[in-house]
Amino acid sequence: MNAKSSNIAAGHLPADSNHPGHGPGHAPAAVAMVPSAGDWTKVGTDDRMLYCMRRLVDQYGYPPAGAAGIIGNLWAESAILPNRIEGSSPSTPMRAKNFAGVTTNFTAAQIMDRKSPHQGPKLPGVGLAQWTSPPRRSGLFRHVYHGAALGVDVLFNMDAQLDYLDHELRTSYSGVHHVLSTQAVSVQAASDEVVYNFEIPGAILSGNKKLSRADARVQTVFKQRRSPSNRALTVYQSGGGLVTFEPFPGASFFHTGHKSPIIAAMHQRLVAEGCNRYQSSANADIWGSGDVKSYAAFQKKLGFDGAAANGIPGKTSWDRLRVPNV
């Protein structure tokens, strides 16, 4: 890129089943599969599309056709992989050529701190929208999401990147946002608007100037991107497949030192919910004090307090967290 149970349905959340007390809440919107370790390459394309479509529609208020125009372009740019760097393959999104032309597996820090002509990947594009220009690229890593700039961790956080994209649309690209937010917008119009005035790939440029929309080269790009945009809308309208989540394992499961992939999956969901109180992501599959603090933050987000927000999962809050089956 250039430049519900009936009481929840009624709005009342029962107490976390292991603890007394209660708090207000609302039923969560349906979601597509979320990877337990932030590795979106293990999630199918349609599930990635569905997840992002639902975020844009449910969290940011875009009409489905407008959201589909965005998602189709993200698919064309990055295959909807938040850690994708320019020149990489979707199966190895952080592997590309360095400035010496040697194909390299880059760390997140090397990608974030890329400095021409010696450090990091040769090509600058990064993230869902392949942010390329220095201000927009650095803005991704500085973007404040749920009260904190994630730095290198933004490469593995789909939600934070979608939030950054929406922030750009509402501020620097308000004209594009207006088109995408219009309830009557068509998928075709939304898709064309995103590629022409937001993504602006080299294929629609002559020198540094945009070709006219009527130019055959621009029309070719429009046609290419309308296809995944239409697919995104179809996936959204069909609702995707059945998503399965980890059943509540019982309060005794959560004790200091217990190691399980379920705990790693829970860790990722807590981060995605903006309840990250961890000091480190090392040993994410081992229950410890960071899990207690982060889970307590999630319980408080749901409206629990007192003993019902002590950081030990109960069935009610666990079901609300929707930890994907591992």
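**Reading salt bridges and cores**

Tutor: In this predicted model, Glu273 and Arg269 form a salt bridge in which the closest N and O atoms are 2.8 Å apart. Both of these residues are buried, and a network of salt bridges links Arg269 and Glu273 with Lys301 and Arg322.

Student: How many salt bridges are found in the whole structure?

Tutor: A search of the whole structure finds 14. One of them joins Arg225 to Glu77, with the closest N and O atoms 2.9 Å apart. Because Arg225 belongs to helix α9 and Glu77 to helix α3, this pair ties together parts that are 148 residues apart in sequence.

Student: Are Arg225 and Glu77 buried or exposed?

Tutor: Arg225 is buried, and Glu77 is buried as well. A further salt bridge, at 2.7 Å from N to O, brings together the side chains of Arg226 and Asp192; since Arg226 lies in helix α9 and Asp192 in helix α8, that pair ties together parts 34 residues apart in sequence.

Student: And what should I look for among the nonpolar side chains?

Tutor: In soluble globular proteins, nonpolar side chains tend to be buried together. Here the largest nonpolar core has 50 residues, of which Ile70, Ile71, Leu74 and Leu169 touch the most other members. Helices that each supply at least two residues of this core include α3 (64-78), α6 (158-171) and α9 (216-238).

Student: Which residues does Ile70 touch, not counting those up to four places away in sequence?

Tutor: Ile70 touches Leu56, Tyr62, Leu165, Leu169, Leu180 and Val194.

Key
Residues are numbered from 1 along each chain as its sequence is written. This is a predicted model: local features need pLDDT of at least 70, side-chain atom pairs count only at pLDDT 80 or more; totals for chains, interfaces and linings use all residues. Side-chain values use heavy atoms; hydrogens and water are left out. A nonpolar core is a set of buried Ala, Val, Leu, Ile, Met, Phe, Trp, Tyr and Cys residues joined through side-chain atoms within 4.5 Å. Buried means under 20% relative accessible area, exposed over 50%, partly exposed in between (1.4 Å probe, protein chains only). Helices (H or I, at least four residues) and strands (E, at least two) are DSSP runs, numbered from the N terminus. Contact means heavy atoms within 4.5 Å. A salt bridge is a side-chain nitrogen of Lys or Arg within 4 Å of a carboxyl oxygen of Asp or Glu.
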